[in-house]
Amino acid sequence: VVVEEEEEEVVVEEEEEEDVYEIQINGKTYYVTNEIDSTIYEADEEGEITIEAGAYKNGKPLFN
């Protein structure tokens, strides 16, 4: 008797986290990966850096 086992493929999607640092724009704290071309983030009520506030385009901050 030959028993064939099926191999189960497991795909794990990992969200890549980028290193961010604090910057001040117009007296408010934001978080970016760089000051040339980067998404500008704000922290939510729990302090998690998750809210996209805008982006740096060619070194200029543009807000949503």
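Predicted model: local features only at pLDDT ≥ 70, side-chain atom pairs only at ≥ 80, totals over all residues.
A polar contact of 2.9 Å connects the side chain of S38 with that of T33. S38 belongs to strand β3. With a relative accessibility of 6%, S38 counts as buried, because buried means under 20% relative accessible area.

When residues up to four places away in sequence are set aside, S38 touches V32, T33, A55 and Y56. One of these residues, Y56, has a list of contacts of its own: apart from neighbours within four places in sequence, Y56 is in contact with I23, I25, V32, N34, E35, I36, D37, S38, I40 and P61.

## The nonpolar core

Y56 is also a member of the largest nonpolar core. This core has seven residues in all, namely I23, I25, Y30, V32, I40, A53 and Y56. Strands β1, β2 and β4 each contribute at least two residues to this core. In soluble globular proteins, nonpolar side chains tend to be buried together.

Strand β1 covers residues 21-25 and strand β2 covers residues 28-32. The two strands run antiparallel and are joined by five bridges. Within this pairing, I23 has Y30 in β2 as its bridge partner. Both I23 and Y30 are listed in the largest nonpolar core.

β1 and β2 form a hairpin, and two residues lie between them. N26 is in the turn of this hairpin. Although N26 is not a glycine, its phi is positive, at about 50°. Is N26 buried or exposed? The relative accessible area of N26 is 79%, so N26 is exposed.

## The loop between β4 and β5

N58 is found in the loop between β4 (49-57) and β5 (60-63). N58 is not a glycine, yet its phi is positive, at about 55°. N58 has a relative accessible area of 68% and is therefore exposed, since exposed means over 50%.

## Charged residues and the salt bridge

How many salt bridges does the structure hold? The structure holds one salt bridge. In this salt bridge the side chains of E42 and K28 meet, with an N to O distance of 3.0 Å. The pair links distant parts of the chain: E42 is in strand β3 and K28 is in strand β2, 14 residues apart. K28 has a relative accessible area of 40% and so is partly exposed. Side chains of opposite charge can pair when their charged atoms come close.

D44 is found in the loop between β3 and β4. D44 is buried yet has no salt bridge. The nearest side chain of opposite charge to D44 is K28, 12 Å away. The side chain of D44 does, however, reach the backbone nitrogen of E46 at 3.0 Å. Not counting residues up to four places away in sequence, D44 touches T50 and I51.

E48 lies in the loop between β3 (38-43) and β4. With 47% relative accessibility, E48 counts as partly exposed. Leaving aside neighbours within four places in sequence, E48 is in contact with E42 and A43. E42, one of these two contacts, is the residue whose side chain meets that of K28 in the salt bridge.

Notes:
Residues numbered from 1 in each chain as written. Heavy atoms only, no water. Pairing = 2+ DSSP bridges. Helix = DSSP H or I, 4+ residues; strand = E, 2+ residues; numbered from the N terminus. Buried < 20%, exposed > 50% of the residue type's maximum accessible area, 1.4 Å probe, protein only. Contact = heavy atoms within 4.5 Å. Core = buried A, V, L, I, M, F, W, Y, C linked by side-chain atoms within 4.5 Å. Polar contact = N/O pair within 3.5 Å; in protein donor to acceptor, adjacent residues only side chain to side chain. Lys, Arg positive; Asp, Glu negative; His and termini not counted. Salt bridge = Lys/Arg side-chain N within 4 Å of Asp/Glu carboxyl O.
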